Amino acid sequence: MTRHEVREHIFRLLFMVEFHEGEELKEQAALYFDEAEGISEKNHAYILEKLENMIEKVPELDAALNEAAEGWKTARMGKAELTILRLAAYEITCDEDIPARVAINEAVELGKTFGGDESPAFINGILAKLMKRMGNDTE
């Protein structure tokens with residue numbers, strides 16, 4: 001399974017956070033894995049670990065995104081775009097194994113797949129501002 005495929009699974013599970021909490025979220029994740037094909041035990045464990053870490057950080061990620069997204073608060077963002085931004089913001093700020101450029105490029109690709117027509121540009125813009133706020137310009 002490619003890193004992109006793993007990231008898509010994480011996105012799909014993280015998207016559920018908007019609709020389910022606590023035990024219900026765990027049940028939905030279990031159902032997701034029951035129906036998903038081709039996920040090895042190693043990838044399953046990795047996906048769950050990343051998901052749990054991201055869920056813990058949602059308030060911090062949202063705060064960082066709110067600062068970067070001038071005129072757009074996370075509460076107003078589309079659910080798919082918000083989930084993609086949370087995933088990328090986590091990878092940029094918390095995951096040293098993933099270069100920021102890769103996280104941004106992958107987020108834009110997820111936006112093309114799961115978001116609306118304007119999603120890729122919106123996601124790229126927010127993440128570029130996030131990087132500038134962190135003092136790590138991508139250019």
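## Helices α1 and α5

Helix α1 (residues 3-15) and helix α5 (residues 100-114) cross at roughly 65°, and their axes come within 11 Å. Axes here are lines fitted to C-alpha atoms, for helices over the stretch in contact, with angles from 0 to 180 degrees between N-to-C directions. Helices are DSSP runs (H or I, at least four residues), numbered from the N terminus. The α1 and α5 crossing is right-handed; that is, the near helix is turned clockwise from the far one by less than a right angle.

From α1, the residues H4, R7, E8, F11 and R12 meet V102, E106, E109, L110 and F114 of α5. Contact means heavy atoms within 4.5 Å. By class, this contact has four nonpolar, one polar and five charged residues. Ala, Val, Leu, Ile, Met, Phe, Trp, Tyr, Cys and Pro count as nonpolar, Asp, Glu, Lys and Arg as charged, and the others, Gly among them, as polar.

## Basis of the model

This is a predicted model, where local features need pLDDT of at least 70 and side-chain atom pairs count only at pLDDT 80 or more, while totals for chains, interfaces and linings use all residues. Residues are numbered from 1 along each chain as its sequence is written, and side-chain values use heavy atoms, leaving out hydrogens and water.

## Helices α4 and α6

The axes of α4 and α6 lie 10 Å apart, at an angle of about 35°. The crossing of α4 past α6 is right-handed. On the α4 side, E81, I84, L85, A88, A89 and I92 make the contact; on the α6 side, S119, F122, I123, I126, L127, L130 and M131 do. Eleven of the contact residues are nonpolar, one is polar and one is charged.

## Aromatic pairs

The whole structure holds five aromatic pairs. Rings of Phe, Tyr and Trp (its six-membered ring) pair if their centres lie within 6.5 Å; planes under 30 degrees apart are stacked, over 60 edge-to-face, and the rest tilted. F15 and F19 form a tilted pair, 5.3 Å centre to centre with 55° between the planes. F15 is partly exposed at 27% relative accessibility, and F19 is partly exposed at 47%. Partly exposed lies between buried (under 20% relative accessible area) and exposed (over 50%), with a 1.4 Å probe and protein chains only. F11, F15, F19 and F114 form one aromatic cluster.

W72 and F122 pair edge-to-face, 5.3 Å centre to centre with 70° between the planes. This pair links distant parts of the chain, 50 residues apart: W72 sits in the loop between α3 (41-68) and α4 (79-94), F122 in helix α6 (residues 119-133). W72 is partly exposed at 35%, and F122 is partly exposed at 21%.

## A charge over W72

The charged end of R76 sits over the W72 ring, 4.5 Å from its centre. The criterion is NZ of Lys or CZ of Arg within 6 Å of the ring centre and within 35 degrees of the ring normal.

How values were computed:
Helix = DSSP H or I, 4+ residues; strand = E, 2+ residues; numbered from the N terminus.
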